Amino acid sequence: MVNNSEGSAGQAAYTNVPDRAVTVEEAYDDLLRRSLSQISGDLARLIYLASTRDYNTGKYRHDGLAARFRLDIACKALELAHRQIFYRIATYPLERLVGEVELYVSASQQGREEILQVWQKLEPYRVALPVNVNVALAQLFVSNIKLALAIVQRRPKPRAMGASAS
Amino acid sequence: MMEFASVITGAVLLLLLTAAALRGWLASRPWGAGPAAGEEDTSEPCPEELVSRVFSRADWEFVRGLKAGGIERLFEQERKKVALVWVRQTSALIRKVISEHARAVRQNENLEFSTEINIFAQFLMLMAVCGILSAAIQLAGPLWLGGLASVAQRLSQRVSKLQETFQTVGLTNAGEAKSA
């Protein structure tokens, strides 16, 4: 979960919400500009957006966005972004998705082998599905990620930058 | 003797084809193979790119280029699974549209016979295409069936549009009857 504190400190952050009418589009643009543009790769963006959703309520929460807009507007903007990025990634050609998985794995703090093994065993990417998504599309996404993981695991580990320079 | 062998071979082939079609038709029905949770719930429409992606040969060419038998088998298995989910979903959607249509028809006094025949014919054709698709996917996998899948998708969109038109006309007629 990212910035999902439900306590009184979290509530106090929303006192500076602007009075003027704000739209979901404004919040969405803000989210793209400030947060999502800092993340490299659509798969990493999808995982990030899914992590802003509460497992129990299904509501999205992002304290920074809610502080600049409103809690409900921030929630809708996050949901919209999640859905859009999911639709894009679910219909990616397999080769491109393999590249996304490769990028995600190499950008992670954990070891490549560890991530690949955990993703294949626990299938955490299933949590990245937006609610009420088309079942066939969800199945395509899960199947393609499974395939991409198998392909990445089979590929030789890319050399580190420093190693290739020496 | 040769003629007899040909007849036997033909009969066996016919039996196999019938069994495959029957299996496919049953698999495309909700009470056949039993749909996974949510397949009947078509709350969000199927995006058009899905069919071209699932039945795409480009992904297959990529996988084949890797020259890894295990991944090729996994690809075939996974694509078959997705294709069958899509066929079941399309069948479920079309059954839903037809049952809604039948309900609307019972309340409508100004039926157009030609429109009804048209809708029913398209429904039958679509169910047949879904049955054949389902059987063919199970036998050969989805990679050779892109054309047939596109036909099924176009037909299902046409039937849904016909139903929408019918509903709009029905609502207009009901409104006029009320105001009169």
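A residue is called buried if 20 or more other C-beta atoms lie within 10 Å of its own, exposed if 12 or fewer do, and partly exposed in between, with C-beta atoms placed from the backbone. By this criterion, buried residues account for 26% of the 180 residues of chain B. The structure is a predicted model, in which local features need pLDDT of at least 70 and side-chain atom pairs count only at pLDDT 80 or more, while totals for chains, interfaces and linings use all residues. Residues are numbered from 1 along each chain as its sequence is written, and chains are lettered from A and ligands numbered from 1 in the order in which they are written.

Chain B contains six helices and zero strands, where helices (H or I, at least four residues) and strands (E, at least two) are DSSP runs numbered from the N terminus. The order of its elements from the N terminus is therefore α-α-α-α-α-α. Two residues are taken to be in contact if their C-beta atoms, placed from the backbone, lie within 7 Å. Of the contacts in chain B between residues at least 6 apart in sequence, 83% join residues at least 24 apart.

Helix H4 of chain B spans residues 69-107 and includes B:Ser91. B:Ser91 counts as buried because 28 other C-beta atoms lie within 10 Å. The C-alpha atoms of B:Ser91 and B:Ser150 are 14 Å apart, although 59 residues separate the two along the chain.

Between the chains, 26 residues of chain B are in contact with 19 residues of chain A. On the chain B side, helix H2 (49-54), helix H3 (57-65) and H4 each supply at least two residues. The most, nine residues, come from H4(B). By class, this side of chain B has 16 nonpolar, three polar and seven charged residues. Here Ala, Val, Leu, Ile, Met, Phe, Trp, Tyr, Cys and Pro count as nonpolar, Asp, Glu, Lys and Arg as charged, and the others, Gly among them, as polar.

Chain A is divided into domain 1 (8-90) and domain 2 (94-157), with bounds from an automatic or database domain assignment. The centres of the two domains, taken over C-alpha atoms, are separated by 23 Å. In chain A, 13 residues of domain 1 are in contact with 13 residues of domain 2. Helix H3 (42-51) and helix H5 (71-90) of chain A are the elements that give two or more residues to the domain 1 side. The largest share of that side, six residues, comes from H3(A). Its residues divide into seven nonpolar, four polar and two charged.
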